[in-house]
Amino acid sequence: MALLTVRAAADRLGVSYSALKQWIYKGTVRTVRTGGGHHRVSDAEIDRMLASQGKVSRGRTRRPRATGMLVSISGRNQLRGIVEEVRADGLLAQVRLRIGDQRLTAVITRDAVDELKLRRGDEALAIIKSTEVMIAKGAA
């Protein structure tokens, strides 16, 4: 289990250091304390927080930070996760994302996997529209 400093965790979550500290003090974010009393945040907790970041208090959906070519998309059912596995065979590929403590598997074209350059460990976004799941990744 990898543990991040509060500053590194805030960067991954796309929030300020002080906001994350407040969440920790309120008990919204679970941490581990070092021997010196410093807070550390696990990767699993980061994933859980990323998955729950879709809603803000005003009931509006928060878009992920724009990175690379993905600026915005109309689909609102978006789940941010980490690519756990990519299996390609023929024209199709199976992509498994870890979203918090959940797993999501999508079957997409092999061309899409190649174009997105999806690899194990990459951050990716599952966009769910009706019965279809699309995988998106910002350009490096």
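Q: What makes Val86 the residue that stands opposite Val95 in β5, and how do you know that β4 and β5 pair?
A: In this predicted model, Val86 stands opposite Val95 in β5; strand β4 (residues 78-89) is joined to β5 by 7 bridges and runs antiparallel to it, and two strands pair if DSSP finds at least two bridges between them, strands being DSSP runs of E with at least two residues, helices runs of H or I with at least four, numbered from the N terminus.

Q: Which residues of β5 make up its covered face, and which its uncovered one?
A: In strand β5 (residues 92-99), Ala93, Val95, Leu97 and Ile99 are on the covered face, whereas Leu92, Gln94, Arg96 and Arg98 are on the uncovered one. In a regular strand the side chains alternate between the two faces of the sheet.

Q: Why is Glu45 called buried?
A: Buried means under 20% relative accessible area, exposed over 50% and partly exposed in between (1.4 Å probe, protein chains only); Glu45 has 4% relative accessibility and therefore counts as buried. Leaving aside neighbours within four places in sequence, Glu45 is in contact (heavy atoms within 4.5 Å) with Thr28, Val29 and Arg30.

Q: What makes the buried residues of α2 line one face of the helix?
A: The buried residues of helix α2 (residues 17-26) are Leu20, Lys21 and Ile24. Seen down the axis of α2, they fall within an arc of 105°, so they line one face, the arc being that of the directions from the helix axis to the C-beta atoms. On the other side of α2, Tyr25 and Lys26 are exposed.

Residues are numbered from 1 along each chain as its sequence is written. Local features need pLDDT of at least 70 and side-chain atom pairs count only at pLDDT 80 or more, while totals for chains, interfaces and linings use all residues, and side-chain values use heavy atoms, with hydrogens and water left out.
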